[in-house]
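I opened this structure to take a few notes. I wanted to look at one residue, then the core, then the pocket.

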Amino acid sequence: MRETLVLNASFEPLARVTLRRAVVLVLQDKAVVEHAHPGLRVRAADVDLPLPRVIRLCRYVRVPFRRRAPWSRRGVLVRDQHRCAYCGRRATTVDHVVPRSRGGGDTWLNTVASCAEDNHRKADRTPEQAGMRLLRAPFEPTPSDALLLALGAADRDGLPEWLALPA
């Protein structure tokens with residue numbers, strides 16, 4: 001079903017959990033509901049609480065400092081919102097701006113989402129050599145931005161404005 005965003009006591013994004021896990025954390029008084037799905041509630045014999053979309057832990061959880069979000073193919077597709085960096089259509093693959101055969105690596109700044117046609121057309125060349133232009137420059141998301149991006153567009157639309165990603 002839906003996932004719930006978990007915030008640390010300091011309001012920094014920590015993780016995504018299932019709706020069931022979020023309700024359990026709230027019922028155990030380990031978390032409070034910061035933002036709920038409008039009009040939806042969880043009801044039982046002795047329980048009536050709003051369906052959580054964002055919860056905040058009551059106690060601060062120390063998290064090892066993570067300077068960078070780990071790179072992944074799925075992460076690149078999510079970062080680029082499954083849109084091809086060359087034509088804007090639906091992307092299904094990841095393209096290396098500088099091909100791996102020419103020393104380009106699997107990094108946030110060297111990979112973009114691409115449709116299969118454009119990936120094949122560009123082949124083993126740089127975009128300049130292939131006569132292709134990037135619609136958006138690749139960027140490296142922060143770990144918290146990567147977590148918010150991974151929530152999905154439908155879930156992000158309902159987040160409060162103080163938590164939403166900058167455009």
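**Threonine 4**

I found the backbone oxygen of proline 52 at 3.2 Å from a polar side-chain atom of threonine 4. The model is predicted, so I note that local features need pLDDT of at least 70 and side-chain atom pairs pLDDT 80 or more, while totals for chains, interfaces and linings use all residues. Residues are numbered from 1 along each chain as its sequence is written, and side-chain values use heavy atoms, with hydrogens and water left out.

Is threonine 4 buried or exposed? I looked it up: threonine 4 is buried, at 0% relative accessible area (buried means under 20%, exposed over 50%, partly exposed in between, with a 1.4 Å probe and protein chains only).

I listed the largest nonpolar core as Val6, Val17, Ala22, Leu25, Val26, Ala31, Leu49, Ile55 and Leu57 (a core is a set of buried Ala, Val, Leu, Ile, Met, Phe, Trp, Tyr and Cys residues joined through side-chain atoms within 4.5 Å). Helix H1 (19-27) and strand S4 (48-57) each supply at least two residues of this core (helices are DSSP runs of H or I with at least four residues, strands are E runs of at least two, numbered from the N terminus).

**Pocket**

I noted about 650 Å³ of space in the largest pocket (the volume is the space filled by probe spheres set on grid points joined across faces, edges and corners). A pocket is an open set of points on a 1 Å grid over the protein atoms alone, where a 1.4 Å probe fits, with protein on both sides within 12 Å along at least five of seven lines; lining residues have an atom within 4 Å of a point. Closest to its centre, of the 24 lining residues, are Leu14, Arg66, Pro143, Ser144 and Leu147. H5 gives the most to this lining, with six residues.

Key. A polar contact is a pair of N or O atoms within 3.5 Å; within protein, one must be able to donate a hydrogen and the other to accept it, and residues adjacent in sequence count only if both atoms are side-chain atoms.
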